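Here is a short report on charged side chains. It covers salt bridges and a surface patch.

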Amino acid sequence: MSILSLDQHLKGFYEAEKKSLLAFYPGLTIHRLRQDIKLHAFLNGVDSEELFEFPYLPHRTHPLTIFFEKLKVGTPLEYITGYAYFYRSLFKVTSDVLIPRSETEILVELASQEIKRSYKNKQCRVADIGTGSGAIGISLLMEETAQLDMVMTDISEAALKLAQENFFSHKFAISSIHKTTFIKSDRLKDVPGEFNLILTNPPYIKKSADMAGVHSQVAAFEPHLALFLDDDIYDQWFNEFFTSIHEKLVTGGVSLVESHENHLEAQAEMARKIGFSEVVLVRDYTNRNRFLKLKK
Ligand SMILES: C[S@@+](CC[C@H](N)C(=O)[O-])C[C@H]1O[C@@H](n2cnc3c(N)ncnc32)[C@H](O)[C@@H]1O
């Protein structure tokens with residue numbers, strides 16, 4: 001049996017598995033796969049231009065064999081490489097956290113505009129509730145020059161630990177004028193003090209009613225705690241959450257909430273009843289309702 005180079009193996013693998021690969025990873029090209037393999041190799045200490053010319057023996061313990069096997073069953077690429085791109089950085093991800101999505105970058109942009117508009121040269125106390133990998137809070141800490149007092153929370157201890165890891169691996173890109181605290185909490189229940197800005201991308205998919213719209217790969221691999229709420233507690237959960245956001249915001253403070261296109265109108269109405277002075281729906285890149293801007 002002749003030993004193939006990694007490049008020859010990859011071409012054969014891609015052609016043989018193309019149909020199922022494209023079902024799991026719409027638009028996946030061999031070029032993108034090459035880049036992910038390069039990143040995977042680089043993060044595992046192999047940084048070589050000749051990587052794809054090296055002979056590749058598909059032994060079951062070879063890290064790339066594990067890579068190919070995980071692809072075959074549809075494991076998200078980010079969980080295979082262990083990293084996801086978000087905003088301007090790379091974040092470590094594990095199956096304990098949601099893979100940060102590109103639409104959530106809009107929430108960071110909105111928050112950044114708010115900070116630049118209202119807190120130039122002033123301190124701004126910010127909360128990132130349900131921080132997961134820490135992508136939202138850490139992106140802002142890296143971006144902003146106004147002094148941020150950032151509180152990052154999650155109900156999941158494993159998620160909070162990973163957010164802390166990501167914080168420490170980005171700490172050289174974070175100005176020392178900012179202060180950062182990590183708190184384990186159910187929404188805002190154990191979070192002390194008031195905030196100028198409360199950011200959140202909470203679990204917002206109804207476990208039954210919205211399930212048909214969830215890609216099977218998402219439901220199979222991403223943490224359900226990050227995605228779903230039971231249908232029967234959904235409205236009450238958000239009502240309690242928005243009420244506590246209202247209590248914890250200073251007058252004039254703003255909350256930016258990512259949520260489900262099918263439920264945002266009802267959630268906007270809920271927020272008006274709670275007493276927010278301004279409630280605005282914001283669309284995402286696909287022109288769907290995706291965010292609420294709530295002002296106290
Ligand atoms: C949709 S993910 C968002 C993760 C990250 N902020 C992002 O945008 O990629 C929701 C996060 O909320 C956390 N979470 C779920 N229920 C929560 C609760 N009751 N209180 C606080 N965090 C919660 C999950 O563990 C998860 O990390």
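The sections below go from the basis of the model to its charged contacts.

## Basis

This is a predicted model, in which local features need pLDDT of at least 70 and side-chain atom pairs count only at pLDDT 80 or more, while totals for chains, interfaces and linings use all residues. Residues are numbered from 1 along each chain as its sequence is written, and side-chain values use heavy atoms, leaving out hydrogens and water.

## Salt bridges

The count comes to 20 salt bridges (a side-chain nitrogen of Lys or Arg within 4 Å of a carboxyl oxygen of Asp or Glu). One of them joins Lys293 and Glu114, with the closest N and O atoms 3.8 Å apart. Lys293 sits in strand β11 (residues 289–295) and Glu114 in helix α5 (residues 104–118), 179 residues apart. Glu114 is buried, at 8% relative accessible area (buried is under 20%, exposed over 50%, partly exposed in between, with a 1.4 Å probe and protein chains only).

Asp186 and Lys189 also pair, at 3.1 Å from N to O. Asp186 is partly exposed at 23%. Lys189 is exposed at 56%.

## A linked network

Arg88, Lys116, Glu143 and Glu144 form a network of salt bridges. Within this group, Lys116 meets Glu144 at 3.0 Å, N to O. Lys116 lies in helix α5, and Glu144 in the loop between α6 (135–143) and β4 (148–154). Lys116 is partly exposed at 45%, whereas Glu144 is buried at 4%.

Glu49 lies in the loop between α2 (30–43) and α3 (63–72). Glu49 counts as exposed because its relative accessibility is 68%.

Technical notes:
Helix = DSSP H or I, 4+ residues; strand = E, 2+ residues; numbered from the N terminus.
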